[in-house]
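Please consult the sequence and the structure alongside the text.

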Amino acid sequence: MEYTRRHRGVCSRASMVEINEDGIITDAKIIGGCDGNTRGLSQIVVGLPAKFVIEKWKGTPCMFKPTSCPDQFAITIEEALAKMEEEKAAIQASAANPTESVVIEGAHSRLIIDPETGEYTYEFK
């Protein structure tokens with residue numbers, strides 16, 4: 001699942017993270033900020049468990065600021081995981097009512113699941 005979030009209180013403007021169903025970060029980008037640092041941070045997290053990165057980076061301050069680019073990125077990851085759990089719960093809830101299709105909207109695509117047959121279609125927007 002791909003998730004993007006605007007940053008607050010730091011030099012970087014936003015971050016994007018893609019997390020697979022096993023909770024592993026498969027792609028990451030921090031937009032803006034100190035170019036070398038944000039590129040390095042974006043590369044180092046690929047292949048790591050999302051929860052591990054949150055544990056290590058959440059709450060990291062930057063000089064006199066109470067937050068930092070790593071802290072903001074950890075918040076992005078947290079929100080992405082919460083959204084994944086929300087979508088998972090929606091799919092499980094729909095299993096209790098097999099007459100309605102489940103539609104999961106992403107930024108660039110949507111997944112439609114037919115609970116009666118278990119078939120799914122993936123559409124690009």
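The sections below treat an aromatic pair, a helix, salt bridges and one lysine in turn.

## Basis of the report

The model is predicted, and side-chain atom pairs were counted only at pLDDT 80 or more.

## The aromatic pair

One aromatic pair is present in the structure. Its members are W57 and F73, whose ring centres are 5.9 Å apart and whose planes make an angle of 50°, a tilted arrangement. The pair links distant parts of the chain, 16 residues apart: W57 belongs to helix α2 (residues 50-57) and F73 to helix α3 (residues 69-95).

Both partners can be classified by accessibility. W57 has a relative accessible area of 15% and is therefore buried, since the buried class lies under 20%. F73 is likewise buried, with a relative accessibility of 1%.

Helix α1 spans residues 35-44, and its buried residues are T38, L41 and S42. These residues lie on the same side of α1 because they cover an arc of only 100° around the axis. In an α-helix there are 3.6 residues a turn, so residues three or four places apart point the same way.

The face turned away from the buried side of α1 carries exposed residues, namely G36, R39, Q43 and I44.

Five salt bridges are found in the whole structure. One of them joins the side chains of R5 and E79, with an N to O distance of 3.3 Å. Since R5 lies in strand β1 (residues 2-6) and E79 in helix α3, this pair ties together parts that are 74 residues apart in sequence. R5 counts as buried at 7% relative accessibility, whereas E79, at 30%, counts as partly exposed.

A salt bridge also connects R110 and E123, whose side chains meet at 2.9 Å, N to O. Here the linked parts of the chain are 13 residues apart, with R110 in strand β5 (residues 109-113) and E123 in strand β6 (residues 120-124). R110 is partly exposed, with a relative accessible area of 32%; E123 is also partly exposed, at 31%.

Where does K58 lie? Its place is in the loop between α2 and α3, and at 42% relative accessibility K58 counts as partly exposed. With neighbours within four places in sequence left aside, K58 is in contact with V53, D71, A74 and E78. The C-alpha atom of K58 is separated by 7.7 Å from that of Q72, a residue 14 places away along the chain.

Which residue forms a salt bridge with K58? The partner is E78, and the closest N and O atoms are 3.0 Å apart. This pair links distant parts of the chain, 20 residues apart, K58 being in the loop between α2 and α3 and E78 in helix α3. A polar contact of 3.0 Å likewise joins the side chains of K58 and E78. E78 has a relative accessible area of 31% and is partly exposed.

Methods
Residues numbered from 1 in each chain as written. Predicted model: local features only at pLDDT ≥ 70, side-chain atom pairs only at ≥ 80, totals over all residues. Heavy atoms only, no water. Phe/Tyr/Trp six-rings, centres within 6.5 Å; stacked < 30°, edge-to-face > 60°. Helix = DSSP H or I, 4+ residues; strand = E, 2+ residues; numbered from the N terminus. Buried < 20%, exposed > 50% of the residue type's maximum accessible area, 1.4 Å probe, protein only. Arc of directions from axis to C-beta. Salt bridge = Lys/Arg side-chain N within 4 Å of Asp/Glu carboxyl O. Contact = heavy atoms within 4.5 Å. Polar contact = N/O pair within 3.5 Å; in protein donor to acceptor, adjacent residues only side chain to side chain.
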